Amino acid sequence: MSQPPVSITCTGLTIRFPVYGVDAKSLKKSLARVAVGGKLGRHFGSTDVTALQDLNLELKAGDRLGLIGHNGSGKTTLLRALSGAYEPDEGTIDVHGRIAALLDLSLGIDLSATGYDNIRLRGRIAGLSAKEIEARLPEIAEFTGLGPFLAMPVKTYSAGMQARLAFATATAVECDVLLMDEWIAVGDADFQKLAHKRLLGLVERAGILVLATHDVDLLRLYCNKVMRLEGGVASEVTDIRKLDELLAA
């Protein structure tokens with residue numbers, strides 16, 4: 001049986017986060033003083049913030065969507081929802097294809113385990129089988145450049161060494177749908193060159209890219225479509241050539 005083509009479809013997507021232990025009136029006044037964040041409301045007797053409201057989105061193979069908007073506008077919430085981390089409160093999400101979510105490189109790192117064990121753990125989180133992980137382990141280990149340190153607990157690593165390990169494992173998967181929260185740059189200058197080349201290859205091989213970033217040069221370089229989020233409300237998806245119009249709106 002053939003697999004359905006790579007695609008993302010969101011219909012009426014709404015996601016809310018409950019707010020506990022805060023007076024609703026005080027919170028509403030605080031939110032009114034800033035230009036970011038979702039809408040405050042009450043549902044089923046409790047106070048919540050609507051992070052995404054009635055969002056509709058359709059992407060197919062070849063689409064490279066850039067997400068723009070202020071901090072707190074809903075970009076990361078959308079990426080996490082597409083990755084399966086958040087369930088919709090209303091509406092639906094339908095993603096066809098293998099997903100790689102480069103949202104938090106530190107996710108799943110066990111400081112007490114060795115580098116090798118963390119490669120295996122992160123591989124399982126990414127959906128790889130034990131056989132696939134063992135087949136890719138030598139390449140991942142070589143890319144980290146950590147050598148014998150991979151046999152030591154990660155808690156003995158410097159922050160830069162941990163970043164190398166996390167990046168190498170996160171980018172070792174092949175995917176149909178690539179979700180990214182900002183472009184990733186880790187390590188020293190030499191490692192950053194290798195990391196950029198590796199990440200670019202992952203982007204080029206992905207069927208669909210969804211990239212949230214404040215860097216307009218990256219958007220123009222890697223995206224062919226753009227959508228703006230403000231207060232959890234999304235604009236229509238438009239051609240990247242209209243980016244300046246969206247930024248000025």
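These legends accompany close-up views of a predicted model.

**View 1**
The largest cavity has a volume of about 50 Å³. Helix 3 (115-125) and helix 4 (130-144) are the elements that each give two or more residues to its lining. Look for I119, R122, G123, A126, L128, I133, R136, I140, T169, A172 and V173, which line this largest cavity. By class, the lining residues are 7 nonpolar, 2 polar and 2 charged.

**View 1**
Helix 2 spans residues 75-83, and its buried residues include K75, T77, L78, L79, A81 and L82.

**View 2. A backbone detail in strand 3.**
Here the view moves to D54, a residue of strand 3 (residues 46-60). Most residues other than glycine have a negative phi. D54 is not a glycine, yet its phi is positive, at about 50°.

**View 3. A positive phi in a loop.**
Our last stop is E182, found in the loop between strand 7 (177-181) and helix 6 (189-205). E182 is a residue other than glycine with a positive phi, near 75°. Is E182 buried, partly exposed or exposed? E182 counts as partly exposed because its relative accessibility is 28%, and the partly exposed class lies between under 20% for buried and over 50% for exposed.

Key. Residues numbered from 1 in each chain as written. Predicted model: local features only at pLDDT ≥ 70, side-chain atom pairs only at ≥ 80, totals over all residues. Heavy atoms only, no water. 1 Å grid on protein atoms, 1.4 Å probe; cavity = no way out; pocket = protein on both sides within 12 Å on 5 of 7 lines; lining within 4 Å. Points joined across faces, edges and corners; volume = space filled by probe spheres on them. Helix = DSSP H or I, 4+ residues; strand = E, 2+ residues; numbered from the N terminus. Nonpolar A, V, L, I, M, F, W, Y, C, P; charged D, E, K, R; others polar. Buried < 20%, exposed > 50% of the residue type's maximum accessible area, 1.4 Å probe, protein only.
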